[in-house]
Amino acid sequence: MPDFDTPRIDPDALRRRLDDLLASQPAPPAPASGVWRARLRRLPVLGPLAWRLWGRLTGRRFKQHLLGEIERLSHLADRLERLHADLTAQGEAIARVERRQARLRERLDRAGVPQPSDLFEPWYRALEDACRGSADELGAHLAGYLPHIGHGPVLDLGCGRGEWLALLAEGGIPAVGVDHNPAMLEAARAAGHQVVESDLLDYLHAAAPASYGAVTAFQVAEHLPLPSLLELFAAARRVLMPGGLLLLETPNPENLQVAAFTFWQDPTHQRPLPPPLLAYTAAHFGYTDITILRAHPWDAALRFADPGPAAQHLEKILFGPQDYALLARTPANA
């Protein structure tokens, strides 16, 4: 949009300037046409007076006409100035919307998530069903986190099919789930859970401060680009009550089979997150009581018969826990 300043015209100042000019200049010559004007001009005494009077009248009409045009142009300039201000405001609003759209597109591109389509959402739900196991298996695993949850309410980010919400409901803990995939939310809604279709960070930013006793996210952090992950830590602390819990579960790259193979079975994953990285990030954002809980080791039958240090190290990096959870709390006196 062009950026210009409309010049302002002061009719009063211009009128005074014209009066000064007319007073300092001789009368303009009258038109030469017209026999009676020529004869009148040749009359002694009366002729020069009439000629000067005619010049004054002509100059005054011209000045009035010019001032009228200036007044009209001044009103037009005011209208143009108001139109310019309206267009500028509209341009700024459009620019804000475009920046918002660009940020959303960048977030989707960095996360490796295709644009929403009729193909992606049901395909991804089927992939989750195939890779994560049955609802009963997942529920049995998630139940181990219940002792760390207080009275709630709980905000579950990326709630998916709602297995965690079901456990919370059985324990009488109020909870709300958020997910951006409507196909994933169908099962949660069918089970009667309170769920919202929304971008996770948008929902966090809109939530009231200190409104949740716990913010949980299972197998979500690895989907986020680093700026969004840092934003999650900061926004979660804002909505947590004093002493509230942040619980993030993610694949464990300490297990080399996870880091090199199973992690990449989900094409929307960004990068593996080592436990020290999440622990450091939690401390950076002011969380306390930081704990790492590891889960899902490989079957004990795969362990080496040799109990030596080298064998134990290989067992850890090859057959160790496949997932871990970061547990961190906001300061109780915050």
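Which residues of helix 11 (residues 275-284) are buried? In this predicted model, the answer is P275, L278, T281 and A282. When the helix is viewed down its axis, these buried residues fall within an arc of 135 degrees, so they line one face of helix 11. The face turned away from that buried side carries P276, Y280 and H284, which are exposed.

Helix 11 lies across strand 5, strand 6 and strand 7, and it runs at about 10 degrees to strand 7. Just after the helix, G286 adopts a positive phi of about 90 degrees.

The strands that helix 11 lies across belong to a sheet. This open sheet is formed by 7 strands in the order 3-2-1-4-5-7-6, and its pairing is mixed. Strand 3 (195-197) and strand 6 stand at the edges with a single partner strand each, so one side of each is left without a neighbour in the sheet. From one strand to the next, the twist averages 15 degrees.

In general, strands of a sheet pair through backbone hydrogen bonds, in either a parallel or an antiparallel sense. Strand 1 (residues 154-157) pairs with strand 4 (residues 212-218) in the parallel sense, over 4 bridges. Here V154 stands opposite A214 in strand 4.

The protein as a whole contains 12 helices and 7 strands. It has 334 residues, of which 36% count as buried. Among contacts between residues at least 6 apart in sequence, 71% join residues that are at least 24 apart. The accessible surface comes to about 19,500 Å², and carbon and sulfur atoms account for 60% of that area.

Finally, the confidence of the prediction should be considered. The pLDDT of the protein averages 80, and 73% of the residues score at least 70. Over residues 1-6, by contrast, the pLDDT is below 50. Beyond near neighbours in sequence, this stretch has 9 contacts in the model. Where pLDDT is low, the predicted coordinates should not be read in detail.

How values were computed: Residues numbered from 1 in each chain as written. Predicted model: local features only at pLDDT ≥ 70, side-chain atom pairs only at ≥ 80, totals over all residues. Heavy atoms only, no water. Helix = DSSP H or I, 4+ residues; strand = E, 2+ residues; numbered from the N terminus. Buried < 20%, exposed > 50% of the residue type's maximum accessible area, 1.4 Å probe, protein only. Contact = heavy atoms within 4.5 Å. Areas by Shrake-Rupley, 256 points an atom, 1.4 Å probe, with all protein chains shown as cover. Arc of directions from axis to C-beta. pLDDT = per-residue confidence, 0-100. Pairing = 2+ DSSP bridges. Axes fitted to C-alpha atoms, helices over the stretch in contact; angles between N-to-C directions.
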